[in-house]
Amino acid sequence: ESQRRGGQGGSSSHAQGQRAPGRGGPSLHQHQHPYLTTLAAAMAPASGGDPVPAVVAASAPSSSPAAAAAAAPSSPSGSQGRIKASNFPASTLQIGTWKKVARHEGELIAKCYYAKKKLVWEILENGVKKKIEINWADITGLNYSTPRNRSAYLEIELARPPVFCVESDPQPRRHTMWHKCQDFTLDAQASRCKPHRLFFAPGVLNKHIDRLFKCDARLAQIYKQNL
C-alpha cells in the first residue's frame with residue numbers, strides 16, 4: 001500500500017514538473033516566442049555539422065501614421081485661436097474731422113480679436129455702445145508711435161468701409177447684443193475710407209501692437225514699408 005502511494009506521489013510530482021510556471025497555465029512549449037523559434041531554427045546544425053551562427057534581424061518599430069501621431073507630443077492647433085482678445089483703453093479716436101474723446105473710463109475701447117482677425121473701436125455714448133469693426137485684410141496702411149512718457153498713437157488706412165454696429169436692448173451685466181447700423185460718424189466720414197487714428201496713454205499700446213505683428217506678418221510688413 002505504501003509503495004502504491006509512493007508511486008502515485010512520484011507520478012504527481014513528475015506531472016507538476018512538466019507544467020509551465022503558473023497554475024493551470026499552458027506549457028512553455030505551446031507559446032514559445034516567434035523570435036526564439038527563429039533563432040533555434042537558425043542555430044540548428046546543417047546535416048550533422050556544427051551549429052551555424054546566424055544574425056536575426058529585430059523587428060523595426062511600427063512607422064504607421066497612427067503610431068507616429070500617438071508618439072508625437074500634442075501641440076495646440078492654431079496659435080491665433082489660443083490668444084485671447086485684447087481690450088485696451090484709448091483716449092481719442094479721429095476719422096477725418098470727426099473725433100471721439102473719452103472723458104470717462106470705458107467710453108472708448110480698442111479691441112483686437114486674433115482668432116477673427118479683426119480690430120474694433122467700441123464707443124459708449126449716453127449708455128449705449130456703438131462699434132466700428134475692421135477686418136485685418138482690409139488694412140492697406142499702418143503706422144504707430146510709442147514714445148516713452150508721451151501719448152502713443154495708431155493710424156490705419158482701409159481699402160473698404162468698416163462695419164458699423166449698435167447695441168440692441170442694452171441691459172447691465174448681460175452679454176452685449178449687436179446689430180448693424182448706418183455710419184454714425186459726422187457726415188459718414190468713416191465710410192469714405194479716411195485714415196483712423198487712435199491715441200493712447202503712455203505704455204498702453206506697446207504689447208498689443210507687438211502681439212498683432214506676431215499674429216499677422218502682412219501687417220508687420222505694411223508697417224515696415226511705411227518707415
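Begin by selecting Asp216 and Arg218, where, at the start of helix 6, a side-chain oxygen of Asp216 reaches to within 3.1 Å of the backbone nitrogen of Arg218. This is a predicted model, in which local features need pLDDT of at least 70 and side-chain atom pairs count only at pLDDT 80 or more, while totals for chains, interfaces and linings use all residues. Residues are numbered from 1 along each chain as its sequence is written, and side-chain values use heavy atoms, with hydrogens and water left out.

Next, select helix 6 itself, residues 217-226, and colour its buried residues, which are Leu219, Ala220, Ile222 and Tyr223; buried means under 20% relative accessible area, exposed over 50%, and partly exposed in between, with a 1.4 Å probe and protein chains only. Helices (H or I, at least four residues) and strands (E, at least two) are DSSP runs, numbered from the N terminus. What covers the buried residues includes strand 7 (139-145) and helix 5 (206-215).

Now move to the largest nonpolar core, where, of 36 residues, Leu93, Trp121, Leu142, Leu154, Ile156 and Phe200 touch the most other members. Such a core is a set of buried Ala, Val, Leu, Ile, Met, Phe, Trp, Tyr and Cys residues joined through side-chain atoms within 4.5 Å. Select Phe200 and, leaving aside its neighbours within four places in sequence, look for its contacts (heavy atoms within 4.5 Å), among them Phe88, Pro89, Ala110, Tyr153, Leu154 and Leu205.

How many salt bridges does a search of the whole structure find? The search finds eight, a salt bridge being a side-chain nitrogen of Lys or Arg within 4 Å of a carboxyl oxygen of Asp or Glu. Select Glu133 and Lys118, whose side chains meet in one of them at 2.9 Å, N to O. This pair links distant parts of the chain, with Glu133 in strand 6 (residues 128-135) and Lys118 in strand 5 (residues 118-125), 15 residues apart. Glu133 also meets Lys131 in a salt bridge at 3.2 Å, N to O; Glu133 is buried, with a relative accessible area of 16%, and Lys131 is buried at 12%.

Finish with Lys129 and Glu122, whose side chains meet in a salt bridge at 3.8 Å, N to O. Lys129 is partly exposed, with a relative accessible area of 27%, whereas Glu122, at 11%, counts as buried.

Technical notes: A polar contact is a pair of N or O atoms within 3.5 Å; within protein, one must be able to donate a hydrogen and the other to accept it, and residues adjacent in sequence count only if both atoms are side-chain atoms.
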